[in-house]
Amino acid sequence: MPSMASPLLLPLYSTCGKIPSLTASQSISVEKLRRFALKVKSTETRECTANDIFNTNSRRDFLGLALGVSTLFIHSFDAANGAGLPPEEKPKLCDGTCEKELENVPMVTTESGSQYKDIKVGQGPSPPVGFQVAANYVAMVPSGQIFDSSLEKGQLYIFRVGSGQVIKGLDEGLLSMKVGGKRRLYIPGSLAFPKGLNSAPGRPRVAPNSPVVFDVSLEYVPGLDVDEE
């Protein structure tokens, strides 16, 4: 792969004790810098002596050039390390395989207009209204961009289901789930965030009364036995 020319703010020396002017559009490649360094080292090709280069008047400028060269290589190294790296993958409740399987899962529409698909049907009890539940969730805008996630926070989300502590669509979707289940909720704007949510670094904005998508897993219901129906 050919090397790209890298711009250098400091001018390249071509004569003893003098700094040739460069226009803003000129740039110096790493290969040219290497040739310059060889030229300085070589007694046959240099036009002036080491004493000329390192005299009182030019020593400061030469150090400035050295600093510019070192900065150039540092930036080139950083660019090489950063180039081609994929964006950080956020943890999800439904991976690529799950997404393909979900295409064949029938959609259920409730009386409120909310919809869901069961990724996995749980075998435990359903939570009664007002009971605490422990769940994981990944909240997304319809395009699939994540704006909130318990997985990223590294802890279960515990709240009283059916008590208005979360948006209406999430309350409704969890009340009909069973412990151990995993579900994708398609929540209409009327059951989502009336005031919307502001954007943050790496997080999309949620407009007021706009639809959202939640992947949720009901981990357990404190106070209920797993085998209780």
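**Notes on the predicted model**

1. Serine 210 touches Gly189 and Ala192, leaving out residues up to four places away in sequence; contact here means heavy atoms within 4.5 Å. Serine 210 is placed in the loop between β6 and β7. Its side chain reaches the backbone oxygen of alanine 207 at 2.7 Å. Serine 210 counts as buried because its relative accessibility is 16% (buried means under 20% relative accessible area, exposed over 50%, and partly exposed in between, with a 1.4 Å probe and protein chains only).

2. On the basis of the note: the model is predicted, local features need pLDDT of at least 70, side-chain atom pairs count only at pLDDT 80 or more, and totals for chains, interfaces and linings use all residues. Residues are numbered from 1 along each chain as its sequence is written, and side-chain values use heavy atoms, with hydrogens and water left out.

3. How many salt bridges does a search of the whole structure find? The search finds six, a salt bridge being a side-chain nitrogen of Lys or Arg within 4 Å of a carboxyl oxygen of Asp or Glu. In general, side chains of opposite charge can pair when their charged atoms come close.

4. One of these bridges joins arginine 184 to glutamate 99, with the closest N and O atoms 2.7 Å apart. Arginine 184 belongs to strand β6 (residues 182–187) and glutamate 99 to helix α4 (residues 96–102), so the pair ties together parts that are 85 residues apart in sequence. Helices (H or I, at least four residues) and strands (E, at least two) are DSSP runs, numbered from the N terminus. Arginine 184 is buried, at 8% relative accessibility, whereas glutamate 99 is partly exposed, at 30%.

5. Arginine 184 also meets aspartate 215 in a salt bridge (2.7 Å, N to O). Aspartate 215 lies in strand β7 and arginine 184 in strand β6, so this pair connects parts that are 31 residues apart in sequence. Aspartate 215 is buried, with a relative accessibility of 2%.

6. Arginine 203 is partly exposed at 26% relative accessibility, and glutamate 152 is partly exposed at 31%.

7. Which residues have the most contacts inside the largest nonpolar core? They are Val212 and Phe214, in a core of 26 residues; a nonpolar core is a set of buried Ala, Val, Leu, Ile, Met, Phe, Trp, Tyr and Cys residues joined through side-chain atoms within 4.5 Å. At least two residues of this core come from each of β3 (132–140), α6 (168–175), β6 and β7. Strand β7 gives the most, with four residues. Beyond neighbours within four places in sequence, the contacts of valine 212 include Phe147, Ile167, Leu185 and Phe193.

8. Tyrosine 157 is found in strand β5 (residues 157–160) and is partly exposed, with a relative accessible area of 31%. Its C-alpha atom is separated by 8.0 Å from that of valine 133, 24 residues apart along the chain.

Terms used. A polar contact is a pair of N or O atoms within 3.5 Å; within protein, one must be able to donate a hydrogen and the other to accept it, and residues adjacent in sequence count only if both atoms are side-chain atoms.
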